[in-house]
Amino acid sequence: MVDDIIVVDDASSDDTVAIARRMGLHVYRHERNKGYGGNQKSCYRLALERGADIVVMVHPDYQYDSRLVPAMAYMIHSGIYDVVLGSRILGGKALQGGMPRVKYIANRILTAFQNLMIGQKLSEYHTGYRAFARRVLEELPLEENSDDFLFDNQMICQCFAFGFNVGEISCPTRYFTEASSINMARSAVYAAGVVWTSIRLRLHLWGWRDERLFGRSGRTLAHPAKNELEASRMPDLRQGGR
Ligand SMILES: Nc1nc2c(ncn2[C@@H]2O[C@H](COP(=O)(O)OP(=O)(O)OP(=O)(O)O)[C@@H](O)[C@H]2O)c(=O)[nH]1
Ligand SMILES: [Mg+2]
């Protein structure tokens, strides 16, 4: 069912590249750390270049169950959804799975606020398990997004701004000592970014602000600004592959 796995190593100091190569995966390495969002830009650009029709992103920290990939991909393949989110909240077992109470409460409050602001009913906007139809990655102005964790939240908001159909599936999640790297300060910056992104989208939908982040004038992965296109062709993205 899964045809192609792309590993983009974001200048890590461990053996990711060697192990992924041994497994015969397509490996690309950033020479310097580009951040969580910067890394996804590379992943999606490479997936488009390799001709992917459906792209699934999953955090590599074993928190999500990858056995749901075929189900999520099929929801896209059916033509009913353009985007599918694997939700930790939908199944009602997030706390049982070990999600820290403070994270759970923050997730619920931010989700309620965001649903209210943009008129949606998602169970959460913060999952690290997502599937996309090719056209979503082609059309969204993803080059306008943050290179940090806010990338994910901006991307869901863009999906709604562009009128893509977003579906959800419940996904059990595990929490353990190494599962979370974000500290309190970064979480606070992320939360502020989520609130600001919701307000920007609301104002954009009302026509009070013309946001490149949510409009057709924003830079897409297929048509980045010239300097970014050149950067994407730099050799650091081309070390490896089958
Ligand atoms: N490429 C890249 N990935 C990163 C970077 N920092 C974190 N990540 C990845 O981002 C994923 C999510 O980070 P976590 O710290 O687990 O945060 P989270 O999953 O949103 O939050 P939890 O629900 O608490 O786990 C992890 O799987 C990391 O591998 C980075 O600088 N570059
Ligand atoms: Mg995690």
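Is Ala11 buried or exposed? In the predicted model, Ala11 is exposed, with 12 other C-beta atoms within 10 Å (a residue is buried with 20 or more other C-beta atoms within 10 Å of its own, exposed with 12 or fewer, and partly exposed in between, C-beta atoms being placed from the backbone). The structure is a predicted model, in which local features need pLDDT of at least 70 and side-chain atom pairs count only at pLDDT 80 or more, while totals for chains, interfaces and linings use all residues. Residues are numbered from 1 along each chain as its sequence is written, and chains are lettered from A and ligands numbered from 1 in the order in which they are written.

Ala11 lies in the loop between strand E1 (6–9) and helix H1 (16–22) (helices are DSSP runs of H or I with at least four residues, strands runs of E with at least two, numbered from the N terminus). Its phi is positive, near 60°. Tyr62, in the loop between strand E3 (54–58) and helix H3 (69–77), also is not a glycine and has a positive phi of about 60°. Tyr62 is partly exposed, with 13 other C-beta atoms within 10 Å.

Around ligand 1 there are 15 residues, of which Asp10, Asn39, His59, Ser180 and Ser181 come nearest (a residue counts as near if its C-beta atom, placed from the backbone, lies within 6 Å of the molecule). Helix H2 (residues 35–49) gives the most to this shell, with three residues.
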